Amino acid sequence: NTAKSKVREQYAAGHVGREKLLEAESAAYHGAGTCTFYGTANSNQMLLEAMGLHVPGAAFVHPHASLREALTRDAVRTVLGITRGGERFTPIGRLVDERVIVNAMVALLATGGSTNHLIHWVAVARSAGIVIDWTDFADLSRATPLLARVYPNGAADVNQFQAAGGPGYVIRELIDGGCMHGDVATVAPGGLRDFTRVPARDPESAALRWNDLPVSPIDASVVRGTADPFSAEGGLKLLTGNLGRSVIKVSAVPDDRHVVEAPARVFDTQEQLLAAFKAGELERDLVAVVRFQGPAACGMPELHKLTPPLGVLQGRGFRVALVTDGRMSGASGKIPAAIHVSPEVVQGGPLGKVRDGDVLRLDAVAGTLTALVDPLVWEGREVAQLPSAQAEVNGHGLGRELFAGMRRNVTSAEEGACSWL
């Protein structure tokens, strides 16, 4: 994964071609059906284990492993056993309560999972009648140790995470450390403790069984216990200030980059930033502001294409940061990135007041995100409006018309970007 990231930066800088890029990308994946990146989908798997909604230990078993079929069959047996008339009637409405939502949040923070879940899990909680926000995540982050280093939060891929004990090891450590509620109901009859073991096939009968994990870490470079975490905190910070509310994932950001103060360069699209980079216009300290990327503006697309060029600039010694009302799925890696800025610009968010050359300060230590502009000048500025041509592109073509009502009614990112509330 480290090699892949380096080739991506080389490609962004124009030093290698698409053939080399494809070669590096292909080498990072071990076969069909595997995603080695601990992004949104794999974070989902981890969180569902922590909620007790999976067959225990099923999250990261390879799809072509013989164990996978056995787990799939056990999943069917589990479903039939917990339905009405089954051995243990436990519908999801009885399983998911406040404690289960907190367990998922803690598991996300302890593993450095996808920042998309600061939106998704707010929506999941709301669908269960539970209201959480980024302050709750930030408070939990201060009390949750970082127990895993999985790419992009480290060098190991998901397969190495699984081999090192994976979700079972992390969940056991969090329960024993008092960081998770171990007394919740789960789809497994033994409760959350069942999720601290790993599945295997009996060598003689081929039946499923679950084995205890060793007390000590299998690979301390990937997974650790609460007594010796990678960090005492979960690596997520809430940022507040005159630019709004935002979040930053600092677990992979070098310590000397947790504070960046530099002039702003404002872009309306990620394509504009990529073009400016290719034209050599960004060879300096800067805070790149990419606005009009929130759920109401354009459905909040991924912006992780911006990581390689910003990584190149940081590698050249410049102090750079990204501030956006869009999202990056935690793929910002070593780049300090204040994402999900709320309210978003099209809904009147103050990020729309930033102009080229304004000095911005991103301070992940103090938890602030500020435009260092005279207060009277700042108060008198108008919020930028979405250009009509861009609004036309955002709303038409490729079926975008079907989602017009959702964009019109969507809540903020911090409220889960819900279109059904």
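Modeller: A cavity is a set of grid points where a 1.4 Å probe fits but cannot get out, and its volume is the space filled by probe spheres set on the points. This is a predicted model.

Colleague: Which residues line the largest cavity?

Modeller: Its lining includes Leu108, Leu109, Gly112, Gly113, Lys249 and Ser251. By class, the lining has four nonpolar, seven polar and one charged residues; Gly counts as polar in this scheme.

Colleague: And what lines the second largest cavity?

Modeller: Gly57, Gln162, Gly165, Pro167, Gly168, Arg197, Val198 and Pro199 line the second largest cavity. Helix 10 (166-176) and strand 1 (197-201) are the elements that each give two or more residues to this lining. Strand 1 has the largest share, three residues.

Colleague: Now the helices. At what angle do helix 6 and helix 7 cross?

Modeller: Angles over 145 degrees count as roughly antiparallel. The axes of helix 6 (residues 98-111) and helix 7 (residues 117-127) cross at roughly 170 degrees and come within 11 Å, so the two helices are roughly antiparallel to each other. Helix 6 makes the contact through Ile101, Ala104 and Leu108, and helix 7 through His117, Trp121, Val124 and Ala125. Six of these contact residues are nonpolar, one is polar and none is charged.

Conventions: Residues numbered from 1 in each chain as written. Predicted model: local features only at pLDDT ≥ 70, side-chain atom pairs only at ≥ 80, totals over all residues. Heavy atoms only, no water. 1 Å grid on protein atoms, 1.4 Å probe; cavity = no way out; pocket = protein on both sides within 12 Å on 5 of 7 lines; lining within 4 Å. Helix = DSSP H or I, 4+ residues; strand = E, 2+ residues; numbered from the N terminus. Axes fitted to C-alpha atoms, helices over the stretch in contact; angles between N-to-C directions. Parallel < 35°, antiparallel > 145°, perpendicular 65-115°, else oblique. Contact = heavy atoms within 4.5 Å.
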